[in-house]
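Hi,

Here is the structure I promised to pass on. Have a look at it first, and then read my notes below.

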Amino acid sequence: MKISARNVLRGTVAAVKAGSVNAEIAVDLGSGDHLTAIVTLGSCTELGLEPGKPVVALVKAPWVIVMTGDSELKLSARNQLAGTVTAVETGAVNAEVVIALPGGAQVAAIITKEAVKELGLAPGVAATAVIKASHVVLGVPKA
Amino acid sequence: MKISARNVLRGTVAAVKAGSVNAEIAVDLGSGDHLTAIVTLGSCTELGLEPGKPVVALVKAPWVIVMTGDSELKLSARNQLAGTVTAVETGAVNAEVVIALPGGAQVAAIITKEAVKELGLAPGVAATAVIKASHVVLGVPKA
Amino acid sequence: MKISARNVLRGTVAAVKAGSVNAEIAVDLGSGDHLTAIVTLGSCTELGLEPGKPVVALVKAPWVIVMTGDSELKLSARNQLAGTVTAVETGAVNAEVVIALPGGAQVAAIITKEAVKELGLAPGVAATAVIKASHVVLGVPKA
């Protein structure tokens with residue numbers, strides 16, 4: 001299978017918290033990095049999500065917010081992955097920014113080129129990828 | 001009314017499953033295609049969503065993931081609409097890909113042009129549009 | 001802190017409705033404009049969200065749908081902010097549209113340039129920014 005989502009992060013289910021419609025899934029990315037995903041309860045059951053299960057977390061690049069500098073705000077977004085910018089490719093309106101995490105995983109974000117300028121994003125700059133739990137798609141290998 | 005969302009899919013509510021904050025709505029697109037949407041319980045009540053009600057499902061093109069080939073993954077995304085690519089328009093960073101479903105509906109996705117190359121997307125190629133239920137906005141005609 | 005989200009709206013928590021996994025937060029933007037956000041219950045607790053608390057609502061521009069004209073549809077999206085277009089910047093595939101709200105806040109949307117044409121978006125045109133509650137990230141100042 002090939003998939004257009006720029007971010008395909010491999011990990012293991014660490015915890016499952018089921019609600020009435022949705023479930024919150026904690027994913028261990030294996031090198032100190034963690035990701036939380038909200039999926040429907042139906043998906044949770046069909047995919048057999050339970051602690052220890054290997055999963056893939058898919059996140060489209062336009063769903064990632066980039067943050068730099070000391071944060072004077074606490075955010076509701078469950079996922080705030082701190083790393084270092086490794087690449088910036090600029091288009092007419094948007095730009096793609098790649099952030100490498102300490103454990104080796106890379107997260108791509110599509111943001112406006114205006115934001116790239118304001119945040120001073122360039123290779124080597126420290127930056128954090130912010131991802132809402134409801135924006136993460138989980139996948140499991142077919143049995 | 002005119003709306004910027006590229007994807008405006010007409011259908012009928014097939015089922016409603018209410019939770020404490022959200023509700024999961026199954027929409028029959030009328031030609032074998034189905035779509036699931038998660039909306040707040042408040043919206044569900046205000047829109048009077050119940051089986052048989054005609055609805056419009058709105059999905060912005062950047063919220064659609066495109067997948068090709070035999071899937072060795074099962075995904076948590078409720079909506080995986082298989083069809084055929086009918087158009088690809090490429091920009092500096094992004095590209096718009098249109099997928100026609102068997103029933104005649106069309107789904108547009110905005111993905112990176114890098115993904116278009118990797119997936120070999122071109123008119124005639126089989127592809128699947130993947131859409132999270134929480135990314136679908138529902139609309140009903142005003143009474 | 002600097003953040004790539006184009007939309008940073010300041011307000012005050014007006015109401016909190018907790019579910020089993022998520023919570024629905026109503027935010028008063030202070031000049032008649034309101035915004036609803038869905039965050040996980042965990043975030044709600046950690047951020048100490050309760051009526052009267054100052055918050056910042058973050059929304060990425062690609063998550064905003066733009067609507068014009070008399071709406072013959074009622075939408076499930078909790079947030080429908082009516083205002084006036086103040087700027088349109090067009091790229092190869094996408095365009096950034098800025099809508100000023102009556103209270104002075106501005107909302108930026110990234111939509112396809114095709115949609116800009118179809119909706120006749122230009123400075124001075126009345127338009128509504130549509131934002132799903134699950135697409136709003138909330139932030140609070142660190143104690």
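This is a predicted model: local features need pLDDT of at least 70, side-chain atom pairs count only at pLDDT 80 or more; totals for chains, interfaces and linings use all residues.

**Two domains in chain A**

The size of an interface is often given as the accessible area lost when the parts come together. For domain 1 and domain 2 of chain A, about 1200 Å² is buried between them, and 60% of that is on carbon and sulfur atoms. On the domain 1 side, Asn7(A), Val59(A) and Lys132(A) supply 38% of the area buried against domain 2 of chain A, more than any other three residues.

What about charges and polar atoms here? Across this interface of chain A, the rule finds 0 salt bridges between domain 1 and domain 2. It does find 2 residue pairs in polar contact across the interface, both at pLDDT 80 or more.

**Salt bridges between chains**

Side chains of opposite charge can pair when their charged atoms come close. How many salt bridges are there over all chains? The count comes to 9.

Start with Arg6(A). Arg6(A) and Glu114(B) form a salt bridge, with their closest N and O atoms 2.7 Å apart. This pair crosses between chains: Glu114(B) is in helix 2 (residues 113–119) of chain B, while Arg6(A) is in the loop between strand 1 (2–3) and strand 2 (7–18) of chain A.

Arg6(A) also meets the side chain of Glu118(B) in a salt bridge (3.4 Å, N to O). That pair crosses between chains too, with Glu118(B) in helix 2 of chain B. Put together, Arg6(A), Glu114(B) and Glu118(B) are linked in a network of salt bridges.

Is Arg6(A) buried or exposed? Its relative accessibility is 18%, and buried means under 20%, so Arg6(A) counts as buried.

Arg78(A) forms a salt bridge with Glu46(C), and the closest N and O atoms are 3.5 Å apart. Arg78(A) lies in the loop between strand 7 (73–75) and strand 8 (79–90) of chain A, and Glu46(C) lies in helix 1 (residues 41–46) of chain C, so this pair joins two chains. Arg78(A) is partly exposed, with a relative accessible area of 27%.

**How chains A and B are related**

Which rotation superposes chain B on chain A? It is a rotation of 120 degrees, with 0.0 Å of shift along its axis, and the RMSD is 0.0 Å. The two copies are therefore related as by a three-fold rotation axis.

Enjoy exploring!

Key:
Residues are numbered from 1 along each chain as its sequence is written. Chains are lettered from A and ligands numbered from 1 in the order in which they are written. Side-chain values use heavy atoms; hydrogens and water are left out. Copies are superposed by least squares on the C-alpha atoms of residues with pLDDT of at least 70 in both. A salt bridge is a side-chain nitrogen of Lys or Arg within 4 Å of a carboxyl oxygen of Asp or Glu. Helices (H or I, at least four residues) and strands (E, at least two) are DSSP runs, numbered from the N terminus. Buried means under 20% relative accessible area, exposed over 50%, partly exposed in between (1.4 Å probe, protein chains only). Buried area is the accessible area (1.4 Å probe) that two parts lose on being put together, summed over both. A polar contact is a pair of N or O atoms within 3.5 Å; within protein, one must be able to donate a hydrogen and the other to accept it, and residues adjacent in sequence count only if both atoms are side-chain atoms.
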